[in-house]
Amino acid sequence: MDASTTLFVAVSAIIFLAVALKQLLSGLTLTPQLKNERAAARLPPGSTGLPLLGDMLRLISAYRLPNPDLFIHERIVARHGAMSTTHLLGERAVFSADPSFNRLVLSGDGRVVDTSYPSSVATLLGARSVLVTRGPAHKGLHALALARLGYPALPPLVARVDRLVLAAVAQWEPAGAAVRLVDEARKIAMSVNVHLLGIEPGPWSESLRREFNAISDGFVSLPFPLASLLPFTTYGKALKARKNVALALQEVVRKRMDEKAMDAGADGETAAGKKGKKDMVDLLLEADGGSFSMEQMVDFCVNLLAAGYDTTSLTMTLAVKFLTETPTALAQLREEHDSIRKGKGENQSLEWSDYQSMAFTQCVINETLRVGNIVNGVLRRANTDIHFKDYIIPKGYKIFASFGAVHLSSEHYENARTFHPWRWQSKNSKVQDVPASNLFTPFGGGPRQCPGNELARVVVSVFLHHLVTRFSWDEAEEDKVVFFPTTRTLKGYPINVRLRSGSIS
Ligand code: HEM
């Protein structure tokens, strides 16, 4: 352990113990309000007592296991049922593996519940980012994201993604290469994301990508008050990276403002008008009659770039890993894409109609999202007492709606831990009396449903198309999926890629 890590661990431990002690003392002295709260509430079973370290440590140790879902099912769900009371981040919380309750939480956002991510998320994404904004302001920001992301069928999106993916995989030709797949996937995800801002990927986006790697690490590190004074710690590095990203994005917005002013002066036609399609920066500059502050625009862009970065790239990486381990699925996928490629000219880009004909690919993506649980669940806070089944969850409680616990439950999916893309071919997987949409929520739902969900599917599909039609590969090293502090592969999935013999593209 190096000096900075030791210091970080020491500082973290002190803060952690201080928070735990404060919670312990507040738990020992039950205020009249808390006594009433407990009497009125009919909480799900579980730990309603003191918020001791045990809960947190149990959860952390569960996510360190190769199969945290197994632990969650055996130790939490089997013991307490689909809903249980616990403590999360030092607060009283309800953990839900109940698909109907999760739906209620997702659809009730802004009314019954509100988003409630740790303050470090707001610090790193920005206080005015979509994910942490609430109320009418959130509605406006979500609609703005959808204005750019919500029409993936409109040309030229699929063709553009095709071009960006091809540019990335062309680097592996002609001799083949040893690549760390997660890095390659991240390059692709970032190039698509900056494209949404009207920027061509290049050295600028690559340096931005490195800053986002630091920000991603920051999300899963322990934030502490003096982090900005300790720039060598993970969280301190993330804060610095956030600052650099903000400066770079401010520059982009300012440049665009100047261009707009010049264009309008010259011939009355805006740059966006000339391009024929507005990118995200154009939309931000026009939002609310042009009243957005620089901070609002930057926070929006940081959120957009961050939200589509690790998520999409990890989906690509896990899909390839799961396919490699399931050769029959890989063969069927290849057949689908070979047949699409045969129907097109050698260098002809994919279009929306090609994407729509990738039926088995969608099964592979669904199954990757179900087994991989890239976003394991969402955090909310009850705005009001919530009555659900026999329970009353008091106003103020934190709620973790776990998607992973539903996606990997054998109650809802046969052989739940097996990657089996064919299960998505028969529409009626095991649904019982729960609507199917409640059982599969990798992109959340309700007013906060991921606005980038279709774009993510397009990117992963196009990537798989070029991977399987052009290349074959094998694992360069054994790698495994880990779940702590977030889902990822331990080594970034190193593979040896070769041009496929008789490649048809
Ligand atoms: C496989 C890839 C992805 C997954 C699994 C994913 C998952 C999610 C989930 C679960 C949420 C809801 C969070 C909540 O309710 O608190 C969300 C929100 C969001 N996602 Fe995605 N996402 C993906 C890709 C993308 C992409 C490509 C973009 C854009 C480029 C994007 C932009 C956003 C934004 C802006 C939000 C905030 C929405 C709001 O709070 O209104 N996501 N995503």
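Helix 15 (310-325) has 16 residues, which at 1.5 Å a residue should span 22 Å; its end C-alpha atoms lie 22 Å apart, so the two values agree. The expected span is 1.5 Å times one less than the number of residues in the helix. Helix 15 is mostly covered, with 13 of its 16 residues buried. Buried means that 20 or more other C-beta atoms lie within 10 Å of the residue's own; exposed means 12 or fewer, partly exposed means in between, and C-beta atoms are placed from the backbone.

The model is predicted: local features need pLDDT of at least 70, side-chain atom pairs count only at pLDDT 80 or more, and totals for chains, interfaces and linings use all residues. Residues are numbered from 1 along each chain as its sequence is written.

**Overall make-up**

The protein chain holds 21 helices and twelve strands. These are DSSP runs numbered from the N terminus: helices are H or I with at least four residues, strands are E with at least two. Of the 505 residues in the protein chain, 39% are buried. Among contacts with a separation of 6 or more, 73% join residues 24 or more positions apart. Two residues are in contact if their C-beta atoms, placed from the backbone, lie within 7 Å.

**Around the ligand**

The ligand has 26 residues around it, and Ala307, Gly308, Gly444, Cys450 and Gly452 come nearest. A residue counts as near if its C-beta atom, placed from the backbone, lies within 6 Å. Helix 7 (135-149), helix 14 (294-307), helix 15 and helix 21 (453-470) each supply at least two residues of this shell. By class, the shell has 15 nonpolar residues, ten polar and one charged. Ala, Val, Leu, Ile, Met, Phe, Trp, Tyr, Cys and Pro count as nonpolar; Asp, Glu, Lys and Arg count as charged; the others, Gly among them, count as polar.

**Helix 16 against helix 21**

Helix 21 also packs on helix 16 (residues 327-342), at an angle of about 90 degrees and with the axes 9 Å apart. Axes are lines fitted to C-alpha atoms, for helices over the stretch in contact, and angles run from 0 to 180 degrees between N-to-C directions. Helix 16 and helix 21 are therefore roughly perpendicular. That label covers 65 to 115 degrees; under 35 is roughly parallel, over 145 roughly antiparallel, and the rest oblique. Helix 16 contributes Leu333, Arg334, His337, Asp338, Ile340 and Arg341 to the contact, and helix 21 contributes Leu464, His465, Val468 and Thr469. The contact has four nonpolar, three polar and three charged residues.

**Backbone details**

The peptide bond from proline 155 to proline 156 is cis, with omega near 5 degrees. Proline 156 sits in the loop between helix 7 and helix 8 (157-169).

Two residues other than glycine have positive phi values:

Asparagine 373 counts as buried because it has 22 C-beta neighbours inside 10 Å. Lysine 389 has 13 other C-beta atoms within 10 Å, so it is partly exposed.

**Proline 201**

Proline 201 lies in the loop between helix 9 (181-196) and helix 10 (203-219). With 20 other C-beta atoms within 10 Å, proline 201 is buried. Leaving aside neighbours within four places in sequence, it contacts Leu164, Ser191, Val194 and His195. Proline 201 and lysine 187 are 14 residues apart in sequence, and their C-alpha atoms are 9.1 Å apart.
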